[in-house]
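Open the model in your viewer and keep the selection tool ready. The stops below go from a pocket to paired strands to a group of rings.

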Amino acid sequence: MRTRNEATVAAAGGPGALVPRPSTLDGFIDAVSDREGISLRELEPLGTLLARTENSVYRVIPLEAGSSRVLIQGGRFFPEPTEVRFSGSGFGGSFLKLGWIGLGLRMEVLWQGQRIITSRIRAVHVQPAPAGIAPS
C-alpha cells in the first residue's frame, strides 16, 4: 500500500491504477501551499503586477478591490490591454488556487467565453498605483 506522501496515489480504477499526486486535490493543495506568489486581493486597484512567464511578460491591473476583473496585456492573446476575469493559477489542469499568481504555476483567465492559460510563471513584480489616480 502506498503512503500519502508518495508521488502517486492509488486510483479507484483498481490495482495498478495510479494517479500522479499533484493530480489529486490533496496533492495539489500540498504542491501550492508553500509556493511563493501573491493574491490578487493584495493588490490595490490600478496597481500593476508584472508576471514573466516562460514565453511572455504580462501586465495585470486589478480594476476593483475584491473583484476578479483585471486588465491584462501580454502574450499572443492580449497585445493590447484587455478586460478579463482572472481565475487564478495552477498546473494547467482542473485545480486552481483562486485569485493567486504563484511562481511555477500557470495563470488562468476567462475571456470571451474562453479559458486562456499561460506558460509557467517565472517571476512577479508589483508596482503600486500611480499617486493621485483613484479607481473608478
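Select strand E11, residues 114–127: with 4 residues, E11 gives the largest share of the lining of the largest pocket. Strands here are DSSP runs of at least two residues, numbered from the N terminus. A pocket is an open set of points on a 1 Å grid where a 1.4 Å probe fits, with protein on both sides within 12 Å along at least five of seven lines; lining residues have an atom within 4 Å of a point.

This is a predicted model: local features need pLDDT of at least 70, side-chain atom pairs count only at pLDDT 80 or more, and totals for linings use all residues. Residues are numbered from 1 along each chain, and side-chain values use heavy atoms, without hydrogens or water.

The pocket's volume is about 200 Å³. Next, pick Tyr58, Arg76, Phe77, Ile117 and Thr118, the closest to its centre among 13 lining residues.

E10 and E11 pair in the antiparallel sense over 5 bridges (pairing takes at least two DSSP bridges). Leu110 has Arg115 in E11 as its bridge partner. Between the strands of this hairpin lie 2 residues, and Gln112 takes a positive phi near 50°.

Last stop: the rings. Which residues do ring pairs link into a cluster? Select Phe77, Phe78 and Trp111. Rings pair if their centres lie within 6.5 Å; planes over 60 degrees apart count as edge-to-face. Phe77 and Trp111 are edge-to-face, 6.4 Å centre to centre, with 65° between the planes. Phe78 and Trp111 have centres 5.2 Å apart and planes at 70°, so this pair is edge-to-face.

Technical notes: Grid points are joined across faces, edges and corners, and a volume is the space filled by probe spheres set on the points. Rings of Phe, Tyr and Trp (its six-membered ring) pair if their centres lie within 6.5 Å; planes under 30 degrees apart count as stacked, over 60 as edge-to-face and the rest as tilted.
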